[in-house]
Amino acid sequence: MSAPTIDAPTISSAIIGDVEDRVRALCERHARRLPFHGWHHVGFVRDKAVEFAAANGSDVPVVAVAALVHDVNYLVRRNSAAAAGSGLRRRLLADAGVPRPTVDWIDAIVDEAEMRTRHRGISREAQALSDADTLFKALPVTPVVLAHRYLTENNVTLRELADKIVGEQCDVHDEGFYFYSPAAAAQYSRWASANLQLWRCIKESLDDPTVERLLAAVG
């Protein structure tokens, strides 16, 4: 979905603050359920999405709010797609006073930015959100400090996570739109390449029976 054809009211700083308070409260209330997608993730993605939105000329307040609500699906169902959070996302935005056309727009941006389905032609707002969320995945510290949290949060095995990362991200990387922002691509592509190579190696290593026995012993 593109930006509304009608003039959508500007999202005020008060409304943005209200959305932030609501999402932060949810993250803190359900912190044990969100060891990976908790407020630390949401805050990072929001901050970087705002930065990318300002650079690419998209609607910064809309991107900021989209980033705040982009992962509420993990409160609805483990290991789910963004669309699973649409109902909760819409209620949060409406309760904070976001106008209905803008709620529709934000909901569409979140779906559009999702890694497994995104494409070259997504909107600038979705590009800014996607680049911020993708950067969190590509950070050199993520597989070291946070990957085990993803396994716990979503009740998946290391093999399932490796299959997901390689299956969803490698083609996008190889086709040249892992990052949409040229500046982000220039600054972070080396991290992304190293991260994806690591996950390819992890995937390969899990086919070694000796590695399987090792993981079973320490697991």
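## Basis of the description

Helices (H or I, at least four residues) are DSSP runs, numbered from the N terminus. The structure is a predicted model, in which local features need pLDDT of at least 70 and side-chain atom pairs count only at pLDDT 80 or more, while totals for chains, interfaces and linings use all residues. Residues are numbered from 1 along each chain as its sequence is written, and side-chain values use heavy atoms, with hydrogens and water left out.

## Helix 1

E20 has its place in helix 1 (residues 13-29). Its relative accessibility is 18%, so E20 counts as buried (under 20% relative accessible area; exposed is over 50% and partly exposed in between, with a 1.4 Å probe and protein chains only). Apart from neighbours within four places in sequence, E20 is in contact (heavy atoms within 4.5 Å) with W39, R46 and L68.

C27 also lies in helix 1 and is buried, at a relative accessible area of 8%. Residues up to four places away in sequence aside, C27 touches L34, G38, W39 and V42. The C-alpha atoms of C27 and L158, which are 131 residues apart along the chain, are separated by 25 Å.

## Helix 9

Helix 9 (residues 158-174) has 17 residues, which at 1.5 Å a residue should span 24 Å (the expected span is 1.5 Å times one less than the number of residues). The end C-alpha atoms are 23 Å apart, in agreement with that value. G176, with a positive phi near 95 degrees, follows helix 9.

The buried residues of helix 9 are L161, A162, I165, V166, Q169, C170 and V172. Their cover includes helix 7 (124-138), helix 8 (142-154) and helix 10 (182-205). An α-helix has 3.6 residues a turn, so residues three or four places apart point the same way.

## Aromatic pairs

Rings of Phe, Tyr and Trp (its six-membered ring) pair if their centres lie within 6.5 Å; planes under 30 degrees apart count as stacked, over 60 as edge-to-face and the rest as tilted. By this rule there are 7 aromatic pairs. One of them, F36 and Y150, is edge-to-face, at 5.2 Å centre to centre and 85 degrees between the planes. F36 lies in the loop between helix 1 and helix 2 (39-56) and Y150 in helix 8, so the pair ties together parts that are 114 residues apart in sequence. F36 counts as buried at 8% relative accessibility, and Y150 is buried at 7%.

F179 and Y188 form a tilted pair, 6.1 Å centre to centre with 50 degrees between the planes; both residues are buried. F36, F44, F136 and Y150 form one aromatic cluster.

Notes
Helix = DSSP H or I, 4+ residues; strand = E, 2+ residues; numbered from the N terminus.
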